[in-house]
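Good morning, and thank you for coming.

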Amino acid sequence: YMARVVEAIKPEFGDTLTVDIIVTKEMKGALRYQEISKALGRPAPVPSIFVEGKLAFDQTPSTETLKAYLENYL
């Protein structure tokens, strides 16, 4: 469900927003998950949203909340 929220707001940000969905069932995703967890200092929550490598949401935000967060961040 979290990916749907991200995809719903993505068109509003155009090229400013890059989305990378990590699928932990695939080797590439599992390795990326390990990198993120190491940088976080603990297992990264699943699902979660990271912005510029920092944990932004560990629970699914509303589209309005995510949009406001990104507008403020950018």
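In which helix is the place of S37? S37 has its place in helix α2. Before I continue, two remarks on sources are in order. This is a predicted model, in which local features need pLDDT of at least 70 and side-chain atom pairs count only at pLDDT 80 or more, while totals for chains, interfaces and linings use all residues. Residues are numbered from 1 along each chain as its sequence is written, and side-chain values use heavy atoms, with hydrogens and water left out. Helices (H or I, at least four residues) and strands (E, at least two) are DSSP runs, numbered from the N terminus.

Let me stay with S37. Its relative accessible area is 10%, which makes S37 buried; buried means under 20% relative accessible area, exposed over 50%, and partly exposed in between, with a 1.4 Å probe and protein chains only. Leaving aside residues up to four places away in sequence, S37 touches R42, P43 and A44, where contact means heavy atoms within 4.5 Å.

Now to helix α2 as a whole. Its 14 residues should span 20 Å at 1.5 Å a residue, and its end C-alpha atoms are 20 Å apart, which agrees; the expected span is 1.5 Å times one less than the number of residues. G29, I36 and S37 are buried in α2. These buried residues fall within an arc of 100 degrees seen down the axis of α2, so they line one face of the helix; the arc is that of the directions from the helix axis to the C-beta atoms. The buried residues of α2 pack against β1. On the face turned away from the buried side of α2 are the exposed residues M27, K28, Q34, K38 and A39. Just after α2, G41 has a positive phi of about 85 degrees.

Helix α1 can be described in a similar manner. M2, V5, V6, I9 and F13 are buried in α1. They cover an arc of only 90 degrees around the axis, which puts them on the same side of α1. Their cover includes β1, β2 (54-57) and α3. The face of α1 turned away from its buried side carries the exposed residues R4 and P11.

Next, the backbone. Most residues other than glycine have a negative phi, and most peptide bonds are trans. E52, although not a glycine, has a positive phi of about 55 degrees. E52 sits in the loop between β1 and β2 and counts as exposed, at 67% relative accessibility. The peptide bond from V46 to P47 is cis, with omega near 0 degrees, and P47 lies in the loop between α2 and β1.

Finally, the largest pocket. A pocket is an open set of points on a 1 Å grid over the protein atoms alone, where a 1.4 Å probe fits, with protein on both sides within 12 Å along at least five of seven lines; lining residues have an atom within 4 Å of a point. The largest pocket is lined by 33 residues, of which D20, I21, S48, I49 and F50 lie nearest its centre. Two or more lining residues come from each of α1 (2-13), α2 (27-40), β1 (49-51) and α3 (63-73). Which element gives the most to this lining? That element is α2, with five residues. Thank you for your attention.
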